[in-house]
Structure formats: structure tokens, C-alpha cells
4 protein chains.
Amino acid sequence: MKLSGVMPPIITPFQNGKLSLDKIKKNFQKWNQTGLSGYVVLGSNGEAVYLNDKEKIKVIEVSRNSIPKSKIMIVGTGMESTQETIRFTNQSAKMGADFALVVTPSYFKGSMKPQILYDHFISVAESSKIGILIYNVPQFTGINLEPEVVAKLSEHPNIIGIKDSSGNIDQLSEIIHRCQKGFAVFVGSAPVFFPALCVGAVGGILAVANAVPNECVEIQNLFNKGKMEDARAEQSRLTPLAKAVTVKYGIGGLKMAVDLTGYFGGDPRPPLKRPGKEVEEELKQLLLQLKNSNKKSGP
Amino acid sequence: MKLSGVMPPIITPFQNGKLSLDKIKKNFQKWNQTGLSGYVVLGSNGEAVYLNDKEKIKVIEVSRNSIPKSKIMIVGTGMESTQETIRFTNQSAKMGADFALVVTPSYFKGSMKPQILYDHFISVAESSKIGILIYNVPQFTGINLEPEVVAKLSEHPNIIGIKDSSGNIDQLSEIIHRCQKGFAVFVGSAPVFFPALCVGAVGGILAVANAVPNECVEIQNLFNKGKMEDARAEQSRLTPLAKAVTVKYGIGGLKMAVDLTGYFGGDPRPPLKRPGKEVEEELKQLLLQLKNSNKKSGP
Amino acid sequence: MKLSGVMPPIITPFQNGKLSLDKIKKNFQKWNQTGLSGYVVLGSNGEAVYLNDKEKIKVIEVSRNSIPKSKIMIVGTGMESTQETIRFTNQSAKMGADFALVVTPSYFKGSMKPQILYDHFISVAESSKIGILIYNVPQFTGINLEPEVVAKLSEHPNIIGIKDSSGNIDQLSEIIHRCQKGFAVFVGSAPVFFPALCVGAVGGILAVANAVPNECVEIQNLFNKGKMEDARAEQSRLTPLAKAVTVKYGIGGLKMAVDLTGYFGGDPRPPLKRPGKEVEEELKQLLLQLKNSNKKSGP
Amino acid sequence: MKLSGVMPPIITPFQNGKLSLDKIKKNFQKWNQTGLSGYVVLGSNGEAVYLNDKEKIKVIEVSRNSIPKSKIMIVGTGMESTQETIRFTNQSAKMGADFALVVTPSYFKGSMKPQILYDHFISVAESSKIGILIYNVPQFTGINLEPEVVAKLSEHPNIIGIKDSSGNIDQLSEIIHRCQKGFAVFVGSAPVFFPALCVGAVGGILAVANAVPNECVEIQNLFNKGKMEDARAEQSRLTPLAKAVTVKYGIGGLKMAVDLTGYFGGDPRPPLKRPGKEVEEELKQLLLQLKNSNKKSGP
């Protein structure tokens, strides 16, 4: 299993506020027919912060049963506490996760000095039964993991990659350039997916891939074939939708877009909300533009 | 019971990584002899983000048994999810908390628009069996609750106050000026405790009060007596220590200072660490300077 | 002449885009009848960045002729280049300025390290024929001068004070506490004028004092008499107007308010603009509220 | 003359604090033998903020005489005032500048709303006798010009391009995608030169090109030939030096690197300083690594 390609951090469907395992299964049935290389379960976009421990276990279970062996299963296992992160990572490993995505702890921002973060990841890596991917997402955590620290962490045999969602291509280049050969660098920001591939990223873990997986995969396919102009054009078509379902309308918008493309999204948990009718119209328009201009891809 | 005065957000002692209920009790025995008006249990400085559900329950239990009826007991009950916040708030109420301190949800920073935050607090207030204090702490959450929103929230009968830890006196003044009469505004940043009192705060919820409660109380006593110069001088003596145990050395530094003043602090949970010997020396010096220059207070 | 009290950084009136020396004179005639202790000429609010060298000289000339010996005349002389700052400071000295207000150079933000800024101010102080006040205004310069550096600079006999416009009362307290006895600390942010006095500021250099000088002076008078509640109440009345003519509507708003209080404001220079009719109505309301609630002051 | 390729914002040499026209000439003689497509005179790196009006005129004069007609001459003419910007732009035009680079005015950051900035650029463009390039450089100005505004400005026939130094590739992509066909988008941040070309930039205006012009040009040449891997590798070699002479050591470091590559750099004007010996050693090492790994280029 090669750690590369496009993966969505899968959304978690609720019905009447309750976890809908059935809808998760159905979403996987459709996603499995696309060019996605794998999935991130319990990521930020999976509203992991709104799930209790039991719910998390159920999501892992049903995901494990729904993901074929040919596709990668990554589970988001990062907690504020080092000890809890280790515990949940190994629980996920036991339940069949291929890799763990571990977000930087961040509540005590001022104390999260480079050495503290380094030690945290090393502790987790030492104790984890599966390979660790670092998750750097300043827009949610309020802290950034410096390329220098990532480079040192990449020397540990059980730290095998990173998802960098900073959107900073300079930083991504530096990480790729400084890290150990074979360290898997994923970009976590869809609007810079194409330039990230140009500077050497192995793939993208992209929220918008929940809704339009093949359109994301197509960018990487075009890039791999050396069709730079086409890849760039496809990126330009994807970007407006990608921004709408992240920065602009958040998870409520993402779930709405997911509903509009034949999957099940539903409502996010409060305090998040589903956006109104005008946003739905806007998303429909964005999807239409993307699909019309691109007859090549899609199931 | 008047909602005012100095309260520490109490630290949570661990021994060998495990919760030490015994040490919590002992700390309360000493704090109860000081001029503190009450306590915040499971606040940021209580490392609530590093405690699991069972541990939280135990901390509430032992605190409830240790806090006399003459002192206020506030429990930090804010979670990312509205529903979980309500659940835990009412569990705390049932266990005897006087009030709940509810932090702004913040993981999805970009989505935490004023209306979303307003609705969250209103939902919690509507369902809560005890009065709610809003907790605004941008240095940890990465978001700020605007005075305009606080003013609107203060109209709800079950939203009775705020702890504002922004350190922004302009904002604190505006909150005090715009909120309903009787709305209890606490400052959560010790270096601006005196100016906060000047602009109308009713008290302070101060990390450094874990270690030097009476020195904090003395500032408010002097202020109440109209001894402005003395209050200001006492503030200037307190500030260097207050900064050392928050911004500079974080909870590891706070727990060390607590150990140095006859309470039990111990180590924080990883990824946090206890600072080294030089920091201990620095804290000793700061405590010495504070105690020497101030013979008036202390238990 | 005691360096304290309320001073406006005076606005610079234009007519048809040209400097109006006549209107400057007329404004001074009115201001001179108020309780203002002095003036800052060619400050930020004087649109100094939009004036060429000749215009600056004229403004100094007419100001010198209009300011009585009983009031302080400070001239803003800070430039990006150390050499040019020295040249213009001494030119201003020769023309009769009592003191020079020297802003932190800031264009190359990343290079403006503490030592660079320290050396700049020392160089200027060494060569200046008049006393220097440091001007720290992060909202315009994008950099902040740390209290530690200010403390060291305060040891120089020719660096006699600071105008700190950060609005950060914690920082202001630290500056006052750490600086040499007699070092004159002015606050440059009207909404925190009262708390600044509480922590030991000697006065305020306040944009809004262009329009309502006596209302500003009244806050300090009440404070000096120990009437804390009245001072705080006056501050709360002033704040909305103060914010409107700085943060909210900028210099265009300030000049409009100046026009509404019987002085001459006129239009700012482009790219700045005079706000529209609705803003004028809003400012009228704010002035009305301020004047109504306060019958004690005004020329 | 096609507006594309690599241009340095040329440094301004001083000797004993005075402008050295002779050294400017000599630098041009060498630069003219490289693959540079043109030059920016009086840019940020030219220390324009430290030059007085007469000095600026002299720099334009000697530059005009030194730049062959086959290479582009752009002059930095942006001032805080709209009127002064127009005046200096047309003076530069009269003196032979091909284009003007106009930085966003920025002193009154809070007032620099999108409409204000739009109107400023339109006013300048309307009155200018030469084509205007917008200059967006948030690290110096503290403000960012949104892609939406740039797109609208690109509709004006006399606004022909932009230098975006934000380093934000997402923003650069959006500008390129939204602006009028033929609008020349230059990146102003060397570490993202290669990804900027990938997303459609026509060239780079790069500080480090003062010292190693051909190494910069080589990246674009390789990119144009479709040799993506080689271009990326060359970028990785250039980046450490590029960061050292901008973010890390600023203009003092840049001038030092320029001295080390056979041009004349000299000292920057105070408050800027020339870095010490260790930085010189570091820069020598960085240059050695760059030259060794790359035998293909150089004058």
C-alpha cells in the first residue's frame, strides 16, 4: 500500500443529532468506486471534537468494515494529553487502522514550544503500534509546527509522514526538502493542491474530496502525466468550491455539498449549523460550473 | 453569596501521573483559611483538557466536599459541543456546583461567528440548572468574544457574569459599561487586576492566586479602601510573579510556585513539563521579593 | 513647564487640498482657551505622512507662533532614517519646539529588532538639542517597542518620556514601573485614558482632544481630585466618540468631529476621505450624548 | 519588450553614508551581462524609504543611463499620498522609466479599506503617463490587497500587472485566475518562485537576484523547458540563500551577499546595519553550496 494520492477526511453523518452508522456505510460504498487512495476517519472534518468516546469507537468500527484492503485507512487519534493520544492510537491500531494522524496538542498555545511538541510526537511514535502521520493545522490549533522540527521528527522510523494544512507552499517545500527520503508529505488545503504536487507532495487529504473525489483525483492524474496546464486549469475550477466548503461555510457547507453530490451529509452538530437556502444555491452553482467544465471525470 | 472577590482556577495535583485527591483536599484546607471568595474547579489551569470524564467527576466530588458553603464553587463545564456542554453543566449542578464557567467553543475558529457563539451560550443558559459565567480566553482559544455579543448575552437571566482573560482593559471597560446592571465581570489576567478593578470589575479569577492568594486579595482590599497608590504598588509587586506562572512558564511554572508556597503542585501532565532548577530559583526570588516587600498579608 | 496633562496631536487643515495656515491659527486660538497642557504638531493625526518638507516647516512655524509659552509644543520628527530623524529634530528645535516625538522606524519590520531600535533612539537622543519622547504606535507601524527596551532608553538623560498608543494597559504599567523616576509616560489611546491614569500615566496625547479638549481634561481633573467614580463615568461617556474618530472612521471622522465642535477640520488628503452623511449624523449624536451628560465642561 | 522574467529590486550602494552613483553604474555593467529581463529601481530593497527626493532623482538618472533599451526599467514611485504618488510617477516617466511600481499606501492601516485602495490605484493610473504595476508587500506594509480588488483593478488599461510579495501561492493563483488576460503577475518572494511559475506567474522580482541573478533566471529557464524536476531542485538550492538575505538578515544581509558575489553592496543606512562576521561566513557557505551544486549558470 503506497502512502499517496487523494483522501478525504470523511464527514460524520448524524440523523436527529445521533450518529448514523448506516449513512457512513452508504457513503463508503460510493467513495470506494472512485479513485480515492484512502480515507481519514475522525479528522477535523469528521467533527471528532463533537463525538464522545463511544461514538468514536463506532465510527472506527463501521469504517474498518467499509474500507477495502486496497485503500488506506488513517484514523485521527490526537488528543491534548500525550498519554491519552497513545491510548487511543493503540486502540485504533487494534481495531485495524493502518496509520494514525496525530494533531499537534494546542490548548496551552504559549507552552507548545518546539521541544515540547517534538517530545510529544516522539513519545507517541515510540509507543504506537502503527505508523504516525503528523497533523499540522494552524487554522484550527492556532500553532504551527516548524519545518525544522518536522525534519527532526521524520528521522524516527515510526513517524512516516505529515498532513500540512497551513496552505503555505514555502513551508511545504521546506518540509519536503528537509525531511528524510520517503517521508510522505500530504497537503491539507485543496486550493494549493496543484502547487503542492509541483513542489513534491505525494498527495492531498482534502475536505472537498468528500463531495467531488474524482475531480480532486483528476488533478493528481493530470500532474502525473505531465499535463501541467490541464492540471492547473482543473485546480482553478476546483478552488472556488473548495474554499466554499472550508473557509467560507465550514463543515455545514461541506455537508451540504456532500448532500448535493449524492452522498449523505446532513446537519453538523451544534454549535455548528447548516447554512441557509442561498448557500445551497451558491454551492449548486459552483458544482455545476465544476461538472460542466469537466466532462472527463466523475462516477 | 456575592459573586465577587478573588478566586483561583485551582490546579489539579497528580502523583506519578495519577490524580491525587488527597493533595486536592490538603490544598483546599490551606486555601480555605485565606481571603479567597471562592474557587474555579476544572478551569484551564486545572488541566481540564488532560482529564478524562471519570477524573473530572472525582475532582468535582472532592472539591465539593472541601469547599465551605461560605465560598463560591464554580466548575468549568464548557465543551466544544453544545449538547455535551449542557450535559456536563447539569451533571456539575447536580453535584453541587454553584455556577458553571463556560468557555467559548473554538476548534473551528473560522466558523465561530458572533451569532454561532451567541446561540451556543443561550442554548446552554436555557438548559442549565445553575447560572452561567462566560469564559473568554483568546490566548487559549484563538477567538475573542466581542463586547457587543457579551452585552446581548448579559440580558439572559441565567447568564450572570464573565471571566475575561484577554488582558484588554479597553474591552473590559466596554463589557462593564454595556452589560446589564449586576452582571459580574471578573478579570482573568493578574497583571491587570488593579486597573480592572478601577474600571469596575467585581473581582479576579487569577492563576497566581493558587500560590499567593492573600497577596491578590490584598490588592482588592486596598482598592476597596480607596488606597489607590498602595493597591497600585502591590500590583507592581505581584505582576512579575504573575507573568512567570502564566505567559512565561505556564502551568509547569504555576505548579512549581504552588509547591514553593506550601501547597502541593507537582508535575503537570505531558506534553506539559515541570521547568528546571533555574526556573525554580527564579520563582523563589520572585516570591521572596513579593513577601519581603509586603509584610501585611499571607496566611 | 511640567510634562503632563492632555494634549491633542493636532489635525492639519487643508482647503482645496492645500495647507490652510489660517485655519491652523484659528484652531489654536480656540484650543488655547481650554485646559489643554500642550500640543503635538505633525503627529500621525496631523497627516504628517501626507505633507512634504516645505509644508511641514510651515506647520511648525505657524504653530510656534500660535502656541503660548505656557503650553508645551511637541513636534513629531521621526523618519525611517536615523540621519533624517536627527536632521529634522534639530531643525524643529531651532524653530522653537520644546520636545520631539520620535516614532519607531518600521518599514523593514522584520529588521527592527530591539537592539536596532535601541540604537536608533540613542543616536537621535545623543544628537538632539531637545528632549525626546518615544512614540510607540503598533496600529500604524506594525511593530511594538518592548517595555524592557523603553526602560533602558529611559536611562538616557535626553529621552524624557513616551507616548504609548498600544492601548495595552499591562504594557503601560510595566513601562511606568520599570522606567526611571520622572520619565513621562503618556497614553495615546483615549478609551483607556482613565485606567492609564490609575496605573500612573502623567497624561494623554489623544486624537479626540482635537474635538472635545475639555471633556478629556475633565477626566484627568476628576482623577486628580480622587473622584474615581466620576472619572470613570466621564471616560465611559467619552469612549464611543473616541473610538468613532480613530478606529472606526479614522482621520476623516476626526476632522468631521472637529468641524462639528466649532473648529476647522475639513477633508483629509487622499487616499483618505471624508465620511458620508450618515457618519456625520452618528458623530452629531455621539457629541450630543457627551455634551448632554456632561454640563460641567466645554469652552 | 515583454513584461516577464527575473528582475532584481536593485540595492542602493552608499559609501560613507553617501549615495555612490559610481557603484550603481558598476553593478549595472555586471547585471547587464546576465539573463535578467529588467530592473526595479527605488524598490523596498533599494532603501527608498531612506533616500531624500534629490537622491531618488539621481538614482533614477544613473539607472536610466545604465539600463539598455532591451531591458525593462521599473521605478518604485508609491507614496502615502495619492497626489505625491502621481507627481513622482510622472516625474519618473519623464525621466525614462518604462513602468511604475506603486506600493499600497499603508500608514493608516485601519483606514486602508478595499475601496480606498481601489480608488487610490485608479487615480494614479488615470493620471500616470506610464503603465502601473501594483505592489503588494504585507510584510512591510502590514496590509494585504485582496485578489478581488486586484481583479477589478486589472480591468483598467493602465494597470498592467502586480508584484505580489505575500508569499501566498493560493492568493497568487487566485489573482492570476481572476485577472484580465495579459495582466502580468510577478511573484516577489524568491522561496516560492518555482511554484509561482507553476500556477502561472510571468516572472519574479526577487531581492536575491541582486546577488545571484543567473541562478534565479535558471529556474525560469528550466521551467520553460518543462524540466520540472530540475527547476524544483534549483529552487531548493536557492531557497536557503534567499531566506538569509530577506527574512533572516534583511537588507544588511543582502548587501553583504552582493559584495560576496562581485558586485558592490556596502552598508545599509541606519537604523539598518551590516551583520557581523559570522553572518558573512554563513552567507559564504550558502553561496558556495549554491554555486557548487550548480555549474550550469553564472555570468
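A crossing of two helices is right-handed if the near helix is turned clockwise from the far one by less than a right angle, and left-handed if the turn is anticlockwise. In this predicted model, α11(B) passes α12(B) in a right-handed crossing. The points below cover that helix pair and then the arrangement of the chains.

**Helix pair in chain B**

- Two packed helices are described by the angle between their axes and the distance between the axes.
- Helix α11 of chain B spans residues 250–260, and helix α12 of chain B spans residues 277–292.
- The axes of these two helices come within 10 Å and cross at roughly 55°.
- α11(B) and α12(B) are therefore oblique to each other.
- On the α11(B) side, the contact is made by B:Gly253, B:Met256, B:Ala257 and B:Leu260.
- These residues meet B:Val279, B:Glu280, B:Leu283, B:Lys284 and B:Leu287 in α12(B).
- By class, the contact of α11(B) with α12(B) has six nonpolar, one polar and two charged residues.

**Chains C and D**

- Chain A and chain C have no contact, and their closest C-alpha atoms lie 18 Å apart.
- Chain B and chain D do not touch either, with their nearest C-alpha atoms 18 Å apart.

Notes: Residues numbered from 1 in each chain as written. Chains lettered and ligands numbered in written order. Predicted model: local features only at pLDDT ≥ 70, side-chain atom pairs only at ≥ 80, totals over all residues. Heavy atoms only, no water. Contact = heavy atoms within 4.5 Å. Axes fitted to C-alpha atoms, helices over the stretch in contact; angles between N-to-C directions. Helix = DSSP H or I, 4+ residues; strand = E, 2+ residues; numbered from the N terminus. Parallel < 35°, antiparallel > 145°, perpendicular 65-115°, else oblique. Nonpolar A, V, L, I, M, F, W, Y, C, P; charged D, E, K, R; others polar.
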